Amino acid sequence: MDNKIKLEILTIFKEKVPENAVQYCWDLWAEDPFQFTISKSRQTKLGDFRYRADQKIQKITINHDLNPYQFLITYIHEVAHYRTFKLFGIKIKPHGLEWKRQFQILLTPLLSDLIFPKDILLPLKRHMINPKASSGADFWLSKELRKYDEKNTAEDHAYLNEVSIGTVFEIKGRQFKKVQPRRTRILCEEIPSGKRYLISGNAEIKINDKVLSID
């Protein structure tokens, strides 16, 4: 790849990841280059890698609005996908043992308080013992990471796991009432339709400041 592309990639790392991780991120890219694109914000994912056998250069995308620590973890997550598929082919599970091991190998050199603040580092180390498909699926890690987001810092935001049954809350512009916890999700009733949905307990919600709970 030409020098202009290399400069663009290096600039992304300087702007998006913690300073002490810039060189490591660059080295991972330079060892085996791929197309790297900063994406608009997406509700369903933080980053993306899809292996295309018909393409010589593969592509990784990461949402533009992630805080530096979430961006770094997401970057390593997607690079692990890229390298896993190159090593083992496309018949493996996307987040199977092969990916978990590659993710652990690539992230371990970064598990230092020179890169991550301690409130993130401790749950991140626990997470990496058996990494999940998404950091968002790890409640404690997700909670610490979100502290560093520029948005959603108002006091009226909380996590669905943390509020009591009967609490009325808003998510994505819709109002719900918390009804009953299940194993990993929580049964909630939409207001006023009465329809019931299972929502992740890790979901960040906005508390209705006028009516916190109803019978």
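**Salt bridges, sheets and a helix**

Modeller: Let us start with D32 and K86, whose side chains meet in a salt bridge, 2.9 Å from N to O. This is a predicted model, where local features need pLDDT of at least 70, side-chain atom pairs count only at pLDDT 80 or more, and totals for chains, interfaces and linings use all residues. Residues are numbered from 1 along each chain as its sequence is written, and side-chain values use heavy atoms, with hydrogens and water left out.

Biologist: How many salt bridges does the structure hold?

Modeller: There are nine salt bridges. Another one joins E204 and R146, with the closest N and O atoms 3.4 Å apart. This pair links distant parts of the chain, with E204 in strand 9 (residues 204-207) and R146 in helix 6 (residues 139-146), 58 residues apart. Helices (H or I, at least four residues) and strands (E, at least two) are DSSP runs, numbered from the N terminus.

Biologist: What makes R174 partly exposed, and is E190 buried or exposed?

Modeller: Buried means under 20% relative accessible area, exposed over 50%, and partly exposed in between (1.4 Å probe, protein chains only). R174 has 37%, so R174 is partly exposed. E190 has 13%, so E190 counts as buried. The side chains of R174 and E190 form a salt bridge too, at 3.0 Å from N to O. R174 lies in strand 6 (residues 174-181) and E190 in strand 7 (residues 185-191), 16 residues apart.

Biologist: Which residues are buried in helix 5, and what do the buried residues pack against?

Modeller: In helix 5 (residues 118-127), the buried ones are I120, L121, P123, L124 and H127. They pack against helix 3, helix 4 (97-107) and helix 6.

Biologist: What is the strand order in the open sheet of six strands, and why do strand 4 and strand 8 count as its edges?

Modeller: The order is 4-9-5-6-7-8, with antiparallel pairing. Strand 4 (157-159) and strand 8 (196-200) each have a single partner strand, so one side of each is left without a neighbour in the sheet.

Biologist: How do you know that strand 5 and strand 6 pair?

Modeller: Two strands pair if DSSP finds at least two bridges between them. Strand 5 (residues 168-171) and strand 6 are joined by four bridges, so the antiparallel pair meets the definition. V168 stands opposite K177 in strand 6.

Biologist: In what order do the strands of the three-strand sheet come?

Modeller: That open sheet has the order 1-3-2, with mixed pairing. Strand 1 and strand 3 (residues 59-63) run parallel over five bridges, and F36 stands opposite I60 in strand 3.

Biologist: What average pLDDT does the chain have?

Modeller: pLDDT is the predictor's confidence in each residue, from 0 to 100. The chain averages 89, and 93% of the residues score at least 70. Over residues 210-215, though, the pLDDT is below 50.

Methods. Salt bridge = Lys/Arg side-chain N within 4 Å of Asp/Glu carboxyl O. Contact = heavy atoms within 4.5 Å.
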